[in-house]
Amino acid sequence: MKKRLISIMMCIMLGVLLIGCSGGNDSGSEKEDSKAQDSEAPESSKEQTIDKDFSIQMTDSYTFTDPQDIEFDERYVLVGDESCKLLSDMSKMGYSASNMYDIVYVNEGKPAGEYQYFVSPDEASATALAEFYTSQGQQVVQEENVIFASVDGDTLEGSIAMMAGTGAISEETPEAYIEMMKSFNGLVDYE
């Protein structure tokens, strides 16, 4: 019974996770960098600058780079390893991932898109995890031992509104969603 309850909870969380998850500001984040620049810049020249060459080396052969088709002025990145609640719960269900990355893009305070990546120890583990997501009606892409899913800004905004409406998050903002991902799943800011 306990395993079934964990399985149901995992399916619900994974569905929500892939429908529209979030992340936290990456270290040296654009939001923090722009605030520092704002305090030094004259009022007329305050403009947020985003490093468009951001990348994450997820494996020896796989590097994430920002998608070219998303307009954004903030990027939030969360990461979890095998000790975070989300991956620990997945392990209890028989699925293996060593790292999870959640990258959320925001433009003018509204969600612009989200990318979620799971890095498995090997290709067979990634295939099993991809099959689980597919069996839950999610669309994922697998590249060697990495699987990922993405959602557009409108879908993510709808998910955030739904979570706020059910009380899962405190307010209808990307930041509240990010805080929920940290507190519920044990994800932390990427450094």
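Which residue just after α3 takes a positive phi? I looked this up before anything else. G94 does, with a phi of about 95 degrees. I note here that the model is predicted.

**Entry: helix α3**

L86, L87, D89 and M90 are buried. I then asked where they sit around the axis. They cover an arc of only 160 degrees, which puts them on the same side of α3.

**Entry: the sheet**

I traced the strands next. Six of them form an open sheet in the order β6-β7-β5-β4-β3-β8, and the pairing is antiparallel. The edge strands are β6, at 141–143, and β8, at 188–189; each of these pairs on one side only. As background, I wrote down that strands of a sheet pair through backbone hydrogen bonds, either parallel or antiparallel.

**Entry: strand β3**

How many bridges does β3 form with β4? I found eight, in the antiparallel sense. One pair I looked up is G80, whose bridge partner in β4 is M100. With β8, strand β3 (residues 74–81) pairs over two bridges, again antiparallel. There, L78 has D189 of β8 as its bridge partner.

Seven of its eight residues are buried, so β3 is largely enclosed by the rest of the structure.

**Entry: helices on the sheet**

Helix α6, residues 174–185, lies across β3, β4 (99–107), β5 and β8. I noted that α6 runs at about 10 degrees to β3.

**Entry: nonpolar cores**

Last, I looked for groups of buried nonpolar residues. In soluble globular proteins, nonpolar side chains tend to be buried together. The largest nonpolar core here has 27 residues, and L87, F118 and Y177 touch the most other members. L87 was already in my notes as one of the buried residues of α3.

Helix α6 gives the most, with five residues.

I found a second, separate core of 18 residues. Among its members are V79, Y101, V119 and V146.

Definitions and conventions:
Residues numbered from 1 in each chain as written. Predicted model: local features only at pLDDT ≥ 70, side-chain atom pairs only at ≥ 80, totals over all residues. Heavy atoms only, no water. Pairing = 2+ DSSP bridges. Helix = DSSP H or I, 4+ residues; strand = E, 2+ residues; numbered from the N terminus. Contact = heavy atoms within 4.5 Å. Axes fitted to C-alpha atoms, helices over the stretch in contact; angles between N-to-C directions. Core = buried A, V, L, I, M, F, W, Y, C linked by side-chain atoms within 4.5 Å. Buried < 20%, exposed > 50% of the residue type's maximum accessible area, 1.4 Å probe, protein only. Arc of directions from axis to C-beta.
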